[in-house]
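Please look through the structure below before reading on.

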Amino acid sequence: MSFIPLLQDAAPQVGGNMVMTVAPFILIIAVFYFFMIRPQNKKQKEIEKMRDSLQKGDKVVTIGGIHGTVSSVKEKTVILKVDDGTKIEFDRSAVATVAGDRASAKAEKAGKSEEKKDEKSDDAVEESSAGSESSENK
């Protein structure tokens, strides 16, 4: 009869230890999800969006390294023009990147225009500093 109070006291401690045992596993699963699985899913969705938006005239690179221009787009395949008169048909999933993507071209143009603005402002600063130096020399 003296064992029953010992078991009653031990029961809550076992439950508390079980939570402390399971918590690190839950934390590890959460870290894997947020740092590995979720970014992978986002990247996969971006790739699918890129492949769905292929149009005639886009310059692409396949997973095999073949560079070409999209000649025509079918439901599951893409026909690439790789040379004068040479066309090859690929699955859409074989397209790795779009080299002539319109969105990246816009981003590049925006970046170049910002660089030109920075250069103009740098030139203006240099001219104003040169003007102040010449007035000091007089």
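The sections below go from the overall layout to single residues.

## Overall layout

This is a predicted model. The protein has 138 residues, and buried residues make up 14% of them. It contains 2 helices and 5 strands. Read from the N terminus, the elements follow the order α-β-β-β-β-β-α.

The protein exposes about 11400 Å², and carbon and sulfur atoms supply 59% of that area. Contacts can also be sorted by how far apart the two residues are in sequence. Among contacts between residues at least 6 apart in sequence, 36% join residues at least 24 apart.

## The sheet

Strands of a sheet pair through backbone hydrogen bonds, either parallel or antiparallel. Here the 5 strands form an open sheet with antiparallel pairing, in the order S4-S3-S2-S1-S5. Strands S4 and S5 stand at the edges and have a single partner strand each, so one side of each is left without a neighbour in the sheet. On average, neighbouring strands of this sheet are turned by 45° against each other, direction ignored.

Two of the pairings can be followed in detail. Strand S1 is joined to strand S2 (residues 67–73) by 3 bridges, and the two run antiparallel. Within this pairing, Val61 has His67 in S2 as its bridge partner. Strand S3 is joined to strand S4 (residues 86–91) by 6 bridges, again antiparallel. Leu80 is bridged to Ile88 in S4. The hairpin of S3 and S4 has 2 residues between the strands, and Gly85 in this hairpin takes a positive phi near 80°.

## The nonpolar core

In soluble globular proteins, nonpolar side chains tend to be buried together. Which residues form the largest nonpolar core in this model? It has 10 residues: Met50, Leu54, Val60, Val70, Val78, Leu80, Phe90, Ala94, Val95 and Val98. The elements that give two or more residues to this core are strand S3 (77–83) and strand S5 (95–98).

Val60 is one of the core residues. Leaving out residues up to four places away in sequence, Val60 touches several residues, including Leu54, Val70, Leu80, Val95 and Val98. Other contacts of Val60 include Ile66, His67, Gly68, Thr97 and Ala99.

Thr62 lies in strand S1, which covers residues 59–62. Is Thr62 buried or exposed? Its relative accessibility is 3%, and because buried means under 20%, Thr62 counts as buried. With residues up to four places away in sequence left out, Thr62 touches Leu80, Phe90, Ala94, Val95 and Ala96.

Arg51 lies in helix H1, which covers residues 3–52. Arg51 has 13% relative accessibility and therefore counts as buried. Apart from neighbours within four places in sequence, Arg51 is in contact with Arg92, Ser93 and Val95. Arg51 and Thr97 are 46 residues apart in sequence, while their C-alpha atoms are 8.6 Å apart in space.

## The aromatic pair

A pair of aromatic rings is described by the distance of the centres and the angle of the planes. A search of the whole structure finds 1 aromatic pair. Its rings belong to Tyr33 and Phe34: the centres are 5.1 Å apart and the planes stand at 80°, so the pair is edge-to-face.

How does the accessibility of these two residues read? Tyr33 has a relative accessible area of 39% and is partly exposed. Phe34, at 47% relative accessibility, also counts as partly exposed.

Conventions. Residues numbered from 1 in each chain as written. Predicted model: local features only at pLDDT ≥ 70, side-chain atom pairs only at ≥ 80, totals over all residues. Heavy atoms only, no water. Core = buried A, V, L, I, M, F, W, Y, C linked by side-chain atoms within 4.5 Å. Buried < 20%, exposed > 50% of the residue type's maximum accessible area, 1.4 Å probe, protein only. Helix = DSSP H or I, 4+ residues; strand = E, 2+ residues; numbered from the N terminus. Contact = heavy atoms within 4.5 Å. Pairing = 2+ DSSP bridges. Phe/Tyr/Trp six-rings, centres within 6.5 Å; stacked < 30°, edge-to-face > 60°. Areas by Shrake-Rupley, 256 points an atom, 1.4 Å probe, with all protein chains shown as cover. Axes fitted to C-alpha atoms, helices over the stretch in contact; angles between N-to-C directions.
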